[in-house]
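Here is a short briefing to read alongside the model. Please keep the sequence and the 3D view open as you go.

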Amino acid sequence: PDRTNWTSTDEVANGFHNPPKVLIPECLSGPYPSHIRFNLLPRAQGKGMGESLVTCVMESLKQKGSLGVHWDISPEHIRHLNFYTSLGFTTIEMSSLPANQLFLGKTFSQCEENPIEDAPSEVGVLKKMHGPLVGDKSNT
């Protein structure tokens, strides 16, 4: 498709329907088997929603038996690097990576050292992002 007039929202929507092919190194499959990817629209950034969303997803993955998560990123995305390192993600050292790719990871044993307290429920995250949900009569 012609992307000449695409907005950042168009790019994000396209990414959901046509995710990029990511080659996951074998060394990640043991300690960091879950790959996460989040994109928030600019109007949702800087309000704590990203942290709530990541925390909620990590808690759910942990409860379902995942050992950890990883995230691939360009080293040029300093804001993203700062965000994930603030959540306890660390750089995963690998012998051969393209210069434009970096992997960050967090095992759930690391989470137990720094427990995720009061992890928000999926409904709580959705309400924070979108307001009251249709048909929801709870106060949470």
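Let's begin with one side chain: Arg 37 is partly exposed, at a relative accessible area of 40% (buried means under 20%, exposed over 50% and partly exposed in between, with a 1.4 Å probe and protein chains only). This is a predicted model, in which local features need pLDDT of at least 70 and side-chain atom pairs count only at pLDDT 80 or more, while totals for chains, interfaces and linings use all residues. Residues are numbered from 1 along each chain as its sequence is written, and side-chain values use heavy atoms, with hydrogens and water left out.

**Salt bridges**

- The structure holds 2 salt bridges (a side-chain nitrogen of Lys or Arg within 4 Å of a carboxyl oxygen of Asp or Glu).
- Arg 37 pairs with Asp 72 in a salt bridge, at 2.7 Å from N to O.
- Arg 37 sits in the loop between strand E1 (34–35) and helix H2 (49–63), and Asp 72 belongs to strand E2 (residues 68–73), so this pair ties together parts that are 35 residues apart in sequence.
- Glu 11 is partly exposed at 36% relative accessibility, and Arg 3 is partly exposed at 43%.

**Fold and surface**

- The protein has 5 helices and 4 strands (DSSP runs numbered from the N terminus: helices are H or I with at least four residues, strands E with at least two).
- Read from the N terminus, the order of elements is α-β-α-β-α-β-β-α-α.
- Of the protein's 140 residues, 30% count as buried.
- Its accessible surface is about 9500 Å², with 54% belonging to carbon and sulfur atoms (Shrake-Rupley method with a 1.4 Å probe; for residues, only the protein chains shown count as cover).
- Among contacts between residues at least 6 apart in sequence, 68% join residues at least 24 apart (a contact means heavy atoms within 4.5 Å).

**Confidence**

- The average pLDDT is 76, and 74% of the residues score at least 70 (pLDDT is the predictor's confidence in each residue, from 0 to 100).
- Confidence is highest in H2, at a mean of 92, and lowest in helix H5 (residues 122–130), at 43.
- Over residues 112–137 the pLDDT is below 50, and this stretch has 32 contacts in the model beyond near neighbours in sequence.
- Where pLDDT is low, the predicted coordinates should not be read in detail.
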